[in-house]
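Reader: I have a structure open on my screen and would like to learn how to read it feature by feature. Could you walk me through it?

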Amino acid sequence: GTNNLPDCSNMCHEASGRALTAALGTGKGTVDLKDWEATDALFILGVNVASNAPRMLTSLTEAFDRGAQVVHINPFIEAGATKAIIPHDFLDMATFHATRTSTLDLQVRVGGDMALLRGMAKAVLEQAKTDPKAIDSQFINRHTVGFEEYRALCEATPWEELERQSGLSRADILKAARIYTDADRSIISWCLGVTQHEHGVDTVREIVNLLLLRGNLGREGAGPSPVRGHSNVQGNRTCGIDHRPEPEFLDRLAEVCKINPPRDHGLDTIGTLQAMNRGDVKVFIGMGGNFALAVPDSPFSYEALRNCDLTVQVSTKLNRSHVVHGKEALILPCLARTDKDHQRGGVQSTSVEDSMSMVHLSVGMKRPASKHLLSEPAIISGMARAALPASPTPWEWYIEDYDRIRDTMSEVLDGFEDFNRRVRLPLGFRIKQPARELIFLTESGKAEFSSAKLADVVPAPGMLALGTMRSHDQWNTTIYSDNDRYRGIKNLRELVFMNEDDMRERGISEFDPVNIVATAKDGSHRYLDGYLAIPYDMPRGCAAGYMPEMNVLIALCDYSTQSDQPLMKHVKVHITAAT
Ligand SMILES: Nc1nc2c(c(=O)[nH]1)N[C@H]1C(S)=C(S)[C@@H](COP(=O)(O)OP(=O)(O)OC[C@H]3O[C@@H](n4cnc5c(=O)[nH]c(N)nc54)[C@H](O)[C@@H]3O)O[C@H]1N2
Ligand SMILES: Nc1nc2c(c(=O)[nH]1)N[C@H]1C(S)=C(S)[C@@H](COP(=O)(O)OP(=O)(O)OC[C@H]3O[C@@H](n4cnc5c(=O)[nH]c(N)nc54)[C@H](O)[C@@H]3O)O[C@H]1N2
Ligand SMILES: [Mo]
């Protein structure tokens with residue numbers, strides 16, 4: 001009886017989902033790996049490919065080798081952006097032969113992507129005045145709304161403003177635009193460098209605007225392609241884990257499962273922490289993850305968790321959230337996805353969705369660490385039965401054979417017809433994406449241009465825009481070593497990457513300890529002292545360091561009004577030499 005479903009989408013790709021739903025009526029990308037193989041130009045924004053999406057390196061090098069243009073847009077020149085040693089290519093590794101992967105690197109300022117994208121659109125529209133083929137007028141007329149307003153907005157935005165906000169020269173923006181108009185088919189791909197910002201939704205919509213101008217949608221080799229994180233980030237929304245569920249979904253759930261699901265919107269991650277602190281949330285159940293460490297404002301969030309009457313962690317591995325807990329606490333170890341899951345109906349499998357909306361079965365092969373471990377579905381259904389003894393839902397029957405859960409899903413969820421058969425196909429199946437067929441489930445029934453005001457992202461004098469990110473040897477909150485291989489860092493996490501001129505201006509030399517003071521939207525301050533300054537090739541006014549340590553700098557009130565995502569890539573900080 002609750003839609004309180006905080007999840008890591010709230011910190012990850014909420015902005016992408018909201019923007020794509022508003023623009024195209026589908027909250028996901030429309031391209032798959034085949035499109036990556038066919039495209040003429042790839043624009044990659046805000047992803048550390050080499051460390052966080054290594055599988056993408058193979059696609060990038062293949063694309064580059066076949067002559068496709070690859071443009072990286074990132075304040076950092078990341079290793080994967082210039083050359084790549086494909087992790088699975090042992091021969092290359094042995095000879096240390098690296099493949100080039102980029103035609104152009106554009107070092108935008110932190111948060112400057114929207115201005116760059118609009119600048120590219122402006123250039124495309126300027127080119128269209130003498131070269132009508134620069135835009136796809138037929139596509140625009142037939143499939144979109146809002147074009148004239150968007151064109152007027154681009155024309156009215158002066159180049160000086162686009163240069164100032166993006167941190168790039170007009171010449172560089174024109175270069176990117178030229179690559180875009182020269183390409184018959186383009187894909188734009190992005191990750192957290194775009195989403196974890198105040199104007200993340202506007203920026204993803206600007207990505208769609210740019211794609212629509214040249215009809216880069218609904219055909220092979222073209223379209224938007226968010227790089228998603230956890231498999232649950234892509235899978236959970238598909239399956240209805242959403243604190244703002246659609247009425248149509250709830251209607252079908254009610255009909256098929258004969259329940260009366262609550263209609264009110266529930267709490268997301270930020271909302272949950274606020275409610276815990278007010279004392280309005282009594283029980284927290286964590287199905288995986290490391291909530292305490294992954295969320296912003298660590299001291300405040302620890303207090304929020306400690307305020308709960310009961311916290312429950314269902315996990316495969318111990319983590320900080322097991323020791324930052326409510327008045328009562330349970331740790332429920334569970335089977336991992338790689339473990340063999342025996343139930344009455346035999347060995348069970350779960351289904352997973354990947355970044356390209358492909359769904360396939362995952363069967364665990366390993367012997368479980370203990371015969372007492374339960375699977376996650378068994379834990380959920382056990383909790384349900386204990387809490388609702390008279391529930392007519394056949395909880396135990398579902399757990400005997402997970403195909404039964406999938407049969408119910410196929411009745412409730414669009415695109416899951418015949419689920420059990422299709423999920424067993426050798427490569428699984430691709431979830432139907434209406435926008436790919438040029439069917440737009442938007443209010444207008446068309447793809448919608450947006451005409452948002454350009455965000456002001458230039459830091460106030462003396463301030464820096466600090467982004468928090470992962471090192472190489474890290475999986476979110478799990479740190480495997482203190483090295484960050486491709487950025488040349490060994491044995492150090494308590495660091496802050498800075499532009500050399502910004503350091504000089506502050507009298508800071510390499511490895512000097514510094515004090516960091518963050519200023520939140522509400523004017524409050526948060527501090528981190530003694531971190532070591534590391535000069536790095538990045539634009540002035542920007543800084544960067546590692547999550548989750550730097551979550552102490554991010555105030556709970558510092559979330560985007562567009563997506564409710566914490567501003568993990570744009571913390572306003574002062575950095576001074578430690579005294
Ligand atoms: N090995 C490994 N793989 C992972 C993960 C992991 O922790 N470890 N995490 C998984 C998850 S859940 C996710 S969501 C993804 C995250 O994948 P990424 O999005 O690559 O994650 P981050 O490490 O936060 O890196 C952010 C990147 O964005 C850049 N950036 C920062 N600010 C801006 C900006 O304003 N504009 C642009 N254009 N770029 C910017 C940074 O320089 C950096 O390259 O990776 C997934 N894969
Ligand atoms: N400052 C800052 N903060 C961030 C980010 C950032 O860029 N900057 N990124 C955000 C993003 S994109 C994300 S996705 C979140 C990630 O936040 P979380 O998902 O909360 O963090 P993880 O570190 O991935 O969680 C790892 C834990 O999950 C459990 N686990 C692993 N596999 C399983 C399983 O199969 N079943 C169960 N039940 N448990 C399992 C293990 O106990 C493990 O310790 O962090 C967010 N936090
Ligand atoms: Mo994520």
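This is a predicted model: local features need pLDDT of at least 70, side-chain atom pairs count only at pLDDT 80 or more; totals for chains, interfaces and linings use all residues.

Reader: How much of ligand 2 does the protein bury?

Author: For that, compare the ligand taken alone with the ligand in place. Alone, ligand 2 exposes 930 Å², and the protein buries 88% of that. Helix 17 (291-294) and strand 10 (310-315) are the elements that give two or more residues to its shell.

Reader: Which residues are closest to ligand 2, and how does its shell divide by class?

Author: The shell holds 28 residues, with N290, K317, N319, E376 and T477 the closest. By class there are 12 nonpolar, 12 polar and 4 charged residues.

Reader: Now ligand 1, please. Which backbones have polar contacts with it?

Author: Read it the same way. The backbone of N476 has a polar atom 2.6 Å from an oxygen atom of ligand 1. A polar backbone atom of R470 is 2.9 Å from an oxygen atom of this ligand, and one of G46 is 3.3 Å from a nitrogen atom. As for cover, ligand 1 has 920 Å² of accessible area on its own, and the protein covers 95% of that. Two or more residues of the shell come from each of helix 3 (49-52), helix 12 (192-195), strand 18 (464-469) and strand 19 (474-475).

Reader: Which domains contribute to the shell around ligand 1?

Author: Domain 1 (8-228) and domain 3 (464-577) each supply at least three residues. The shell has 28 residues, of which E78, G111, D113, Q474 and N476 come nearest. Its classes are 11 nonpolar, 13 polar and 4 charged.

Reader: Salt bridges next. How many are there, and what should I look for?

Author: Look for a side-chain nitrogen of Lys or Arg within 4 Å of a carboxyl oxygen of Asp or Glu. The count comes to 36 salt bridges. One of them joins the side chains of E14 and R237, with 3.2 Å from N to O. This pair links distant parts of the chain, 223 residues apart: E14 is in helix 1 (residues 14-24) and R237 in helix 14 (residues 231-238).

Reader: What does the salt bridge between R263 and D251 tie together?

Author: The closest N and O atoms of R263 and D251 are 2.8 Å apart. R263 lies in the loop between helix 15 (247-257) and helix 16 (269-278), while D251 is in helix 15, so the bridge ties together parts 12 residues apart in sequence. R263 is partly exposed at 41% relative accessibility, and D251 is partly exposed, also with a value of 41%.

Reader: What about the backbone itself? Which residues have a positive phi without being glycine?

Author: Check phi residue by residue. D418 has a positive phi of about 60°, and F511 has one near 70°. D418 is in the loop between helix 21 (402-412) and helix 22 (419-422), and it forms a salt bridge with R421, the closest N and O atoms being 2.7 Å apart. F511 is in the loop between helix 23 (500-505) and strand 22 (513-519). D418 is partly exposed at 44%, and F511 is partly exposed at 47%.

Reader: Where is there a cis peptide bond?

Author: Look for omega near 0°, as in the bond from M547 to P548. P548 lies in the loop between strand 24 (542-546) and strand 25 (571-577).

Technical notes. Residues are numbered from 1 along each chain as its sequence is written. Chains are lettered from A and ligands numbered from 1 in the order in which they are written. Side-chain values use heavy atoms; hydrogens and water are left out. A residue is near a molecule or strand if one of its heavy atoms lies within 4 Å of it. A polar contact is a pair of N or O atoms within 3.5 Å; within protein, one must be able to donate a hydrogen and the other to accept it, and residues adjacent in sequence count only if both atoms are side-chain atoms. Accessible areas come from the Shrake-Rupley method with a 1.4 Å probe; for residues, only the protein chains shown count as cover. Helices (H or I, at least four residues) and strands (E, at least two) are DSSP runs, numbered from the N terminus. Ala, Val, Leu, Ile, Met, Phe, Trp, Tyr, Cys and Pro count as nonpolar, Asp, Glu, Lys and Arg as charged, and the others, Gly among them, as polar. Domain bounds come from an automatic or database domain assignment. Buried means under 20% relative accessible area, exposed over 50%, partly exposed in between (1.4 Å probe, protein chains only).
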